[in-house]
Amino acid sequence: MFRSSAAISVHLVWPLWGRKAGASLTRCLHQTLTMAKQLPARRLTGIDHNPWVEFVELAKKYDVVNLGQGFPDFSPPDFAVQAFQQAVSGDFMLNQYTKAFGYPPLTKILASFFGKLLGQELDPLKNVLVTVGAYGALFTAFQALVDEGDEVIIIEPAFDCYEPMTLMAGGRPVFVSLRPSPAPKGQLESTNDWRLDPTELASKFTPRTKALVLNTPNNPLGKVFSKTELELVADLCRQHDVLCISDEVYQWMVYDGHQHISIASLPGMWGRTLTIGSAGKSFSATGWKVGWVLGPDNIMKHLQTVHQNSVFHCPTQGQAAVARCFEREQQHFGQPSSYFLQLPQAMQRHRDHMIRSLQLVGLKPLQSQGSYFLIADISGFKSKMPDLPGAADEPYDRRFAKWMIKTKGLVAIPVSIFFSQPHQKDFDHYVRFCFVKDEATLQAMDERLQKWKRELQA
């Protein structure tokens with residue numbers, strides 16, 4: 001087809017351009033065709049499909065309440081909005097480049113704030129790197145530390161970027177699953193009931209293991225790893241001389257008295273851990289795309305090498321706004337006026353609201369300990385209506401999520417997408433909901449669920 005088109009094009013333009021122009025066009029077309037056969041790098045093989053795109057596009061076609069994507073649909077706190085406005089309209093030099101590894105007031109306050117929490121004296125120049133969101137921090141870490149053939153242990157369910165980032169760096173993902181255990185009779189199931197098998201986890205470490213990826217609080221479960229669980233992971237990392245990449249973007253979003261513990265604060269772990277955070281999640285401003293990574297200088301220098309040869313530095317004004325937010329939070333930290341206390345208190349009420357509402361139609365939500373999310377068990381629907389439309393090999397939760405968008409006007413994300421391919425069928429009876437939403441959104445959810453309930457009773 002392409003060769004035929006090229007021949008026709010050359011035939012049509014030949015009388016107009018003459019031999020020289022025709023020869024030039026032929027070379028151009030030949031070069032385009034040759035390049036098209038070679039364009040994608042091998043590291044992109046198998047990672048081009050993104051399930052998020054599919055569900056976002058499907059949701060656009062229907063009148064829906066979006067409880068799928070993990071972002072607040074309410075305003076950041078006033079002090080954050082004012083900080084950003086001041087960064088944009090104040091010092092005109094904030095329109096220019098800043099230091100490559102971070103705007104100095106931001107790296108300084110991050111070093112001070114998190115140094116106290118981690119029990120370390122952090123150097124703003126050596127132990128802190130500001131990135132384009134936590135996503136940028138993760139990508140930089142994988143590119144800097146994972147080499148061809150290195151194994152990376154990923155605890156699943158896991159945020160879906162860990163696997164492709166490992167593969168792009170030339171590494172080999174090795175998966176170990178959190179598995180649910182039955183809740184006590186009469187009690188609501190909790191993500192606390194999802195645990196690692198110590199023997200299975202230990203079996204995943206080999207001489208080729210370079211790093212382990214930890215996410216606490218976990219997306220999609222909302223599980224907050226206990227100190228005992230973190231000590232198990234830490235012991236194995238120390239024993240096998242393995243790095244830990246700790247994704248802690250939801251560290252302030254913990255509920256019911258649970259406590260977030262950074263694994264870097266455990267004995268012997270600072271020197272082998274990268275701790276990743278997010279201003280977007282901290283201050284309900286996900287579009288700012290300001291993240292950071294903290295770690296020992298002998299590891300961080302390699303991330304700096306990747307950073308300076310890729311994005312080089314992040315937008316100055318966003319960093320200036322985040323610096324002001326942390327300066328304010330440092331003054332209020334631990335007090336009732338702290339946003340890091342106020343936000344999770346409010347979102348715990350939203351979580352409880354969503355749990356009660358989802359139960360109206362037979363969904364079985366699990367009580368989330370942290371993060372923006374909770375998951376709901378759809379096993380009852382799977383047994384009552386197993387033949388929902390979809391491909392024969394498509395996991396049930398994906399078919400259910402599409403059915404719910406089309407017929408109920410509610411968007412949730414199938415949990416199987418957070419599992420590796422061999423394990424997806426084992427966990428295809430859960431969907432994830434985001435409860436960090438405005439009151440109006442939750443009311444709209446209630447209206448859809450009440451309508452669904454009436455249909456069930458008809």
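# Exercises on a predicted chain

The side chain of serine 278 reaches the backbone nitrogen of lysine 281 at 3.0 Å. The model is predicted, and local features need pLDDT of at least 70, side-chain atom pairs pLDDT 80 or more, while totals for chains, interfaces and linings use all residues. Residues are numbered from 1 along each chain as its sequence is written, and side-chain values use heavy atoms, without hydrogens and water.

**Exercise 1.** State where serine 278 is found and whether it counts as buried or exposed.

*Solution.* 
- Serine 278 belongs to strand β9, residues 273–278; strands are DSSP runs of E with at least two residues, helices runs of H or I with at least four, both numbered from the N terminus.
- Its relative accessibility is 8%, so serine 278 counts as buried (buried is under 20% relative accessible area, exposed over 50%, partly exposed in between; 1.4 Å probe, protein chains only).
- Leaving aside neighbours within four places in sequence, serine 278 is in contact with Ala134, Val249, Val290, Gly291 and Trp292 (contact means heavy atoms within 4.5 Å).

**Exercise 2.** Describe the salt bridge between arginine 208 and glutamate 151.

*Solution.* 
- The closest N and O atoms of arginine 208 and glutamate 151 are 3.0 Å apart (a salt bridge is a side-chain nitrogen of Lys or Arg within 4 Å of a carboxyl oxygen of Asp or Glu).
- Arginine 208 lies in the loop between α7 (198–203) and β7 (209–215), and glutamate 151 in strand β3 (residues 151–156), so the pair ties together parts 57 residues apart in sequence.
- Arginine 208 is partly exposed, with a relative accessible area of 49%, whereas glutamate 151 is buried at 3%.
- The structure holds 16 salt bridges.

**Exercise 3.** Check the radius of gyration of the chain against the globule rule.

*Solution.* 
- The radius is taken over C-alpha atoms, and the rule is 2.2 Å times the number of residues to the power 0.38.
- For 458 residues a compact globule would have a radius of gyration near 23 Å; the chain has 25 Å, which agrees.
- Buried residues make up 53% of the 458 residues.

Terms used. A polar contact is a pair of N or O atoms within 3.5 Å; within protein, one must be able to donate a hydrogen and the other to accept it, and residues adjacent in sequence count only if both atoms are side-chain atoms.
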